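Please keep the sequence and the model in view while reading.

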Amino acid sequence: MIMKESTIENYFVKKVKELGGMAIKLISPNFAGLPDRLVLLPHGRVLFVELKATGKKARPLQIAVHRKLEKLDFDVYVIDSIEEVNKLLQSKIME
């Protein structure tokens, strides 16, 4: 099923809140390519999440920024479905 980015993002934010976390929207006019959300989960878990419509991929600039964040040892995920939201959050709860 094809879903809009906004639908996936709204679901993601709701699920993060249900886990007691925060999914902070990242908006920076001076730093293009940042992931959509900075996610703070219980027990000090921090990750960055780029949300996309079903089947869409990160743009080259976004990929470059993701790599920079990963070099700093941050986890970065690109999510394009409700199933991937559930899978990611379930894996983070189990850590």
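Which elements make a right-handed β-α-β unit? Strand 3, helix 2 (residues 60–71) and strand 4 make it.

## Basis of the description

The structure is a predicted model, in which local features need pLDDT of at least 70, side-chain atom pairs count only at pLDDT 80 or more, and totals for chains, interfaces and linings use all residues. Residues are numbered from 1 along each chain as its sequence is written, and side-chain values use heavy atoms, with hydrogens and water left out.

Helices (H or I, at least four residues) and strands (E, at least two) are DSSP runs, numbered from the N terminus. A crossover is called right-handed if, with the strands pointing away from the viewer, the path from the first strand over the helix to the second runs clockwise.

## The strands

Strand 3 pairs with two other strands; two strands pair if DSSP finds at least two bridges between them. With strand 2 the pairing is antiparallel, over five bridges, and with strand 4 it is parallel, also over five bridges. L47 of strand 3 stands opposite V39, and its bridge partner in strand 4 is D75. Further along, E50 stands opposite V78 in strand 4.

## Helix 1

Helix 1 (residues 5–18) has 14 residues and reaches 20 Å from its first C-alpha to its last, close to the 20 Å expected at 1.5 Å a residue. The expected span is 1.5 Å times one less than the number of residues. Its buried residues are I8, E9, F12, V13 and V16. Seen down the helix axis, these fall within an arc of 135°, so they line one face of helix 1; the arc is that of the directions from the helix axis to the C-beta atoms. An α-helix has 3.6 residues a turn, so residues three or four places apart point the same way. On the other side of helix 1, N10, K17 and E18 are exposed.

The cover over the buried residues of helix 1 includes strand 1 (22–25), strand 2 (37–41), strand 3 (45–51), strand 4 (75–79) and helix 3 (82–94). After helix 1 comes G20, whose phi is positive, near 85°.

E9 belongs to helix 1 and is buried, with a relative accessible area of 8%. Leaving aside residues up to four places away in sequence, E9 touches K25, D36, R37 and L51, where contact means heavy atoms within 4.5 Å.

## Helix 3

The 13 residues of helix 3 should span 18 Å at 1.5 Å a residue, and its end C-alpha atoms are 19 Å apart, which agrees. I82, V85, L88, L89 and K92 are its buried residues. They fall within an arc of 130° when seen down the axis, so they line one face of helix 3. E83, K87 and M94 are exposed on the other side. Helix 1, strand 2, strand 3 and strand 4 are among the elements that cover the buried residues of helix 3.

## Nonpolar cores

A nonpolar core is a set of buried Ala, Val, Leu, Ile, Met, Phe, Trp, Tyr and Cys residues joined through side-chain atoms within 4.5 Å. The largest has 14 residues, of which F12, V16, V39, V49 and I79 touch the most other members. Helix 1, strand 2, strand 3 and helix 3 each give two or more residues to this core, and the largest share, four residues, comes from helix 1. Not counting residues up to four places away in sequence, V16 touches G21, M22, A23, V39, L41 and L89. A second, separate core of five residues includes L38, V65, L69 and V76.

## The loop residue L26

L26 lies in the loop between strand 1 and strand 2 and is partly exposed, with a relative accessible area of 23%. Its C-alpha atom is separated by 5.5 Å from that of R37, 11 residues apart along the chain. Beyond its neighbours within four places in sequence, L26 is in contact with P35, D36, R37, L38 and F48.

Definitions and conventions:
Buried < 20%, exposed > 50% of the residue type's maximum accessible area, 1.4 Å probe, protein only.
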